[in-house]
Amino acid sequence: MGVQQHPPASPHMGGAWERLVRSCKTTFKAVLKKQVLTDEVLATTMAEVESLVNSRLLTEVSSDVDAMEAIMPNHSF
């Protein structure tokens, strides 16, 4: 089948992944302001933004102490 393509000026058609792109852009803008970065600092900042975005919860947090821990993209199984 392949990957579904969307017109360039229509991020509203991307749904979930476009929301994650917006989260990354917002984090970059808040942290970096208008700084000019070296390649090394940019790579480090991207890794930190990746970690922040991937620490979001994918499942509900239960108040039951015997319940399983909420799942995040950062979890490794």
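Student: Where is the place of Thr-45?
Tutor: Thr-45 sits in helix H2. One thing to keep in mind from the start is that this is a predicted model.

Student: Thanks. Is Thr-45 buried or exposed?
Tutor: Buried: its relative accessible area is 9%, and the cut-off for that class is under 20%.

Student: Which residues does Thr-45 touch, not counting those up to four places away in sequence?
Tutor: Thr-45 touches Phe-28, Leu-32 and Leu-37.

Student: Which other residues of H2 are buried?
Tutor: Along with Thr-45, the buried residues of H2 are Val-49 and Val-53. Looking down the axis of H2, these buried residues fall within an arc of 75°, so they line one face of the helix.

Student: And what covers them?
Tutor: The cover over the buried residues of H2 includes helix H1, residues 16-32.

Student: What about the face of H2 turned away from the buried side?
Tutor: That face carries the exposed residues Glu-40 and Glu-48.

Student: How does the span of H2 compare with what its residues should give?
Tutor: H2 covers residues 39-53, and its 15 residues should span 21 Å at 1.5 Å a residue. The end C-alpha atoms of H2 are 21 Å apart, which agrees.

Student: Same check for H1, please: what should its residues span?
Tutor: The 17 residues of H1 should span 24 Å at 1.5 Å a residue, and the end C-alpha atoms of H1 are 24 Å apart, so that agrees as well.

Student: Is Lys-33 buried or exposed?
Tutor: Lys-33 counts as exposed, at 62% relative accessibility.

Student: Changing topic: where is Arg-56?
Tutor: Arg-56 is in the segment after H2. At 32% relative accessibility, Arg-56 counts as partly exposed.

Student: What is Arg-56 in contact with, leaving aside neighbours within four places in sequence?
Tutor: Arg-56 is in contact with Leu-20, Ile-71, Met-72 and Pro-73. Arg-56 and Pro-73 are 17 residues apart in sequence, with their C-alpha atoms 7.2 Å apart in space.

Student: Which backbone oxygen lies 2.9 Å from a polar atom of the Arg-56 side chain?
Tutor: The backbone oxygen of Val-53. Val-53 is also one of the buried residues of H2.

Student: Now Leu-52, buried or exposed?
Tutor: Leu-52 is exposed, with a relative accessible area of 54%. Leu-52 has its place in helix H2.

Student: How far apart are Leu-52 and Asn-74?
Tutor: In sequence, 22 residues; in space, 9.3 Å from C-alpha to C-alpha.

Student: Let's zoom out. How many helices and strands does the chain have?
Tutor: Two helices and zero strands.

Student: What share of the chain counts as buried?
Tutor: Of its 77 residues, 9% count as buried. The accessible surface of the chain is about 6,800 Å², and 60% of that belongs to carbon and sulfur atoms.

Student: One more: what share of the contacts with a separation of 6 or more is between residues 24 or more positions apart?
Tutor: Such residues account for 16% of those contacts in the chain.

Definitions and conventions:
Residues numbered from 1 in each chain as written. Predicted model: local features only at pLDDT ≥ 70, side-chain atom pairs only at ≥ 80, totals over all residues. Heavy atoms only, no water. Helix = DSSP H or I, 4+ residues; strand = E, 2+ residues; numbered from the N terminus. Buried < 20%, exposed > 50% of the residue type's maximum accessible area, 1.4 Å probe, protein only. Contact = heavy atoms within 4.5 Å. Areas by Shrake-Rupley, 256 points an atom, 1.4 Å probe, with all protein chains shown as cover. Expected span 1.5 Å × (residues − 1). Arc of directions from axis to C-beta. Polar contact = N/O pair within 3.5 Å; in protein donor to acceptor, adjacent residues only side chain to side chain.
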